[in-house]
Amino acid sequence: MDIKSNYKYLLSDLSSLKGVGIKTSQLLQRKKINSIFDILWKLPKSYTDRSLSSKIKDLKIDEIQTITIIPQKYSFPRVRNLPNRVLCKDETGEIDCIFFNSYEGYIKKILPIGKEVTISGKVKYFRNKYQLTNPKYISENSSIIKQKHNNYSLTEGISEKVYNKIIFQIIENLPKIDEWHSKDILKKFNNISWNESIKKLHKPENIGKFKENFYQRLAFDEIFSTFLVNSEIRKKIKKIKKIKKNFNTKKQNEIISKLDFSLTKDQSKTLNEINKDLCSERKMFRLLQGDVGSGKTIVSLLSAFNTINSGFQVAVMAPTEILARQHFLLAKKIFPEYIKIEILSGKSTYKDKKNISDKLIGKKIDIVFGTHALFQKKVEFKKLGLIIIDEQHKFGVSQRKKLSDKAGKDCDVLLMTATPIPRTLTMTIYGDMDLSIIREKPNIRKPIKTYSKLENKIDDVIRFIKKEINLGNQIFWVCPLIEESKKVDHSSAVKKYEYLKKLFPNQVSLLHGKTTIDQKEIILNKFLKNDFKILVSTTIIEVGIDFPNANVIVIENANKFGLSQLHQLRGRVGRGNKDSSCILMFKSNLSDNAKRRINILKNSNDGFKISEEDMKLRGFGDILGFKQSGIKNFKLADPIHNHNLFILAEKEIKRIENEKENISKFKPLIKLYDRADIINDIA
Ligand code: ADP
Ligand code: MG
């Protein structure tokens, strides 16, 4: 079969195109355009209308115009810096075409004497004569010139003309692809095919027509393919049969009754959901999502406890040693003595590590805490039944899938994230997992008072924290990186540290990207023990750690952060029972939009709500967690403007799941939309 009639043509690399040599394809690759399909999403930004032609006598100076002329005479001075020149005319007048740096041979070819040629460009008037300098749009075939020409934001080194040619070629050869959508879905887009949609997408007059069927259909394809892959992963994991866990919740309830708080409704609900999964014969792959401070840890530890009581071992992974230790200590505190608990630290001696490894394989340890190293290194378990991963929002879909595969079939997986995201993004980012959400926070928590301050009012802030320190409280002081791209740029944090050290001698410490991991742990532990009062840092501190004695966070240059991120940072305080404050500092007066955003933050402490509002005001690309999620940004789809398409895709996926529809017809869709790495394991 001719490859051009197959979707695979779209996946072939660019060098298979006419006029694309090594140099052009390298330039494109630099922009991550590797295949013909990739180039389809490089959309025109505007167009230049060259369709109307004029006569020389009617030419307008300094405007782009199209004329049909006959070349009369060449003048090639062969003197450096003097341009080559071709005198041309029509029945109404004369015009000079001027060429700098063009070979005579080329000029003779494009402007042959006596032949009719159509030419387009910006017209000048010089010494009583019209002029066109370095015209690029020249052809004996007038219809090629007389049309609307797309303007692309170009890759350096590739001319508009070449680009237009490439796109034109691709569009001409677009393979007919069998429709993948159901009739009902297609109807929503007035039955427009993928093929037709792509053609329309590149029509100059369709630029910016986001509401039209062609655009909506293509956006839907993107969303749907993402959801579909997620759904397939979920289904695949669900198919795995495992040994059921078998436990009595009486023991769990005993622990709960001894806590110095009672579980919130959502904590109980999510715990039940997890327990149900543990007891089922299907492998669990579940995400526990809840805002900072919503109390996920206790829920996960209780499910760990139940797993242990079923005769299995549990591994709990945290992003940092200090957080692993905090979880470890909590387990020691609440679990009955017969549960054997260990922590595997990066700093443990070789002997200790070996000892723990031996005990794990000998099933002399029930639950082990540690960092990711726990899973990466060759730690083996006798009977691992549950892996819990805390604060995992930096994992993408394929990493999660790998993790689940590696865990083994009898091992359930519980991931936790403190990143609330808008509902439309949930299926996009977490659609491969079952979801348990803690929405309501423990009500003993006092709301964090949030203030905004101009930087030149820093004296007020200093007075405020002096007062807090006198009351025995501790302060976080966050300085953003000055340039996002330079991850090591921490000059603002260093400066602030020097400044505060003078005001609060022996009470300030500094953490930044260059602090070693060991040093960081030492400093954080000292802060935890209240050995010093102010911790100045860039944003490197993870959000999960409980510092009950810290009740003020100052965030400098706060407009550098998204609302969700500010909310997360703010969540570092307010974990104890003190009144706590968050002070947002700004370099200059806030714009109306910024004020609106900050007000959302001041008036709400609900991460889900904040992320929705943040997305509405800033677009989804900036939502915390999305960029790191491993899912590339959509090219057309936008969760704000295409909200209904996300809902539609969710519905359609549910239908396909419920009706157990064969998904093989979606293969081209999935392959094209570049999720092949994942789907390979599935198909
Ligand atoms: P996160 O969801 O951010 O991981 P944690 O599990 O660290 O939150 O809980 C934050 C704090 O809230 C802890 O000090 C924990 O003891 C406390 N906590 C958890 N659940 C409750 C509850 N139901 N009532 C009161 N305090 C709670
Ligand atoms: Mg946590």
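Analyst: The side chain of Gln65 reaches the backbone oxygen of Glu63 at a distance of 3.2 Å. This is a polar contact, that is, a pair of N or O atoms within 3.5 Å; within protein, one atom must be able to donate a hydrogen and the other to accept it, and residues adjacent in sequence count only if both atoms are side-chain atoms. The model is predicted, so that local features need pLDDT of at least 70 and side-chain atom pairs count only at pLDDT 80 or more, while totals for chains, interfaces and linings use all residues. Residues are numbered from 1 along each chain as its sequence is written, chains are lettered from A and ligands numbered from 1 in the order in which they are written, and side-chain values use heavy atoms, with hydrogens and water left out.

Gln65 belongs to strand β3, which spans residues 64–75. Helices (H or I, at least four residues) and strands (E, at least two) are DSSP runs, numbered from the N terminus. With a relative accessible area of 11%, Gln65 is buried; buried means under 20%, exposed over 50% and partly exposed in between, computed with a 1.4 Å probe on protein chains only. Contact means heavy atoms within 4.5 Å. Leaving aside neighbours within four places in sequence, Gln65 is in contact with Ser54, Asp58, Leu59 and Lys60, and also with Ile119, Ser120, Gly121 and Val123.

Val123 leads on to a further residue. Gln131, in strand β7, also has Val123 among its contacts. Apart from neighbours within four places in sequence, the contacts of Gln131 include Arg85, Ile95, Asp96 and Ile98 as well. Gln131 is buried, at 10% relative accessibility.

Side chains of opposite charge can pair when their charged atoms come close. A salt bridge is here a side-chain nitrogen of Lys or Arg within 4 Å of a carboxyl oxygen of Asp or Glu, and the count comes to 30 salt bridges. Asp96 forms one with Lys129, the closest N and O atoms being 3.5 Å apart. Because Asp96 lies in strand β5 (residues 93–99) and Lys129 in strand β7 (residues 129–133), this pair ties together parts that are 33 residues apart in sequence. Asp96 is buried at 5% relative accessible area, whereas Lys129 is partly exposed at 25%.

Another salt bridge joins Glu455 and Lys587 at 3.4 Å, N to O. Glu455 sits in the loop between β17 (448–454) and α18 (458–470), and Lys587 in the loop between β22 (580–586) and α22 (592–603), so this bridge ties together parts 132 residues apart in sequence. Glu455 is partly exposed, with a relative accessible area of 24%, and Lys587 is exposed at 55%. Salt bridges can also share partners: Glu652, Arg655, Glu659, Glu661 and Lys665 are joined in this way into one network.

The wider setting may now be described. The protein has 26 helices and 22 strands, and its C-alpha atoms fill a box of roughly 100 × 65 × 45 Å along the principal axes. Of its 683 residues, 54% are buried. Among contacts between residues at least 6 apart in sequence, 75% join residues at least 24 apart.

Finally, the largest pocket has a volume of about 1,400 Å³. It is lined by 50 residues, of which Phe261, Thr297, Ile298, Leu330 and Asp546 lie nearest its centre. The elements giving two or more residues to this lining are α10 (249–258), α12 (296–309), α13 (321–334) and α20 (517–528), and the largest share, 9 residues, comes from α13. On a 1 Å grid over the protein atoms alone, a pocket is an open set of points with protein on both sides within 12 Å along at least five of seven lines, unlike a cavity, where a 1.4 Å probe fits but cannot get out; lining residues have an atom within 4 Å of a point. Grid points are joined across faces, edges and corners, and the volume is the space filled by probe spheres set on them.
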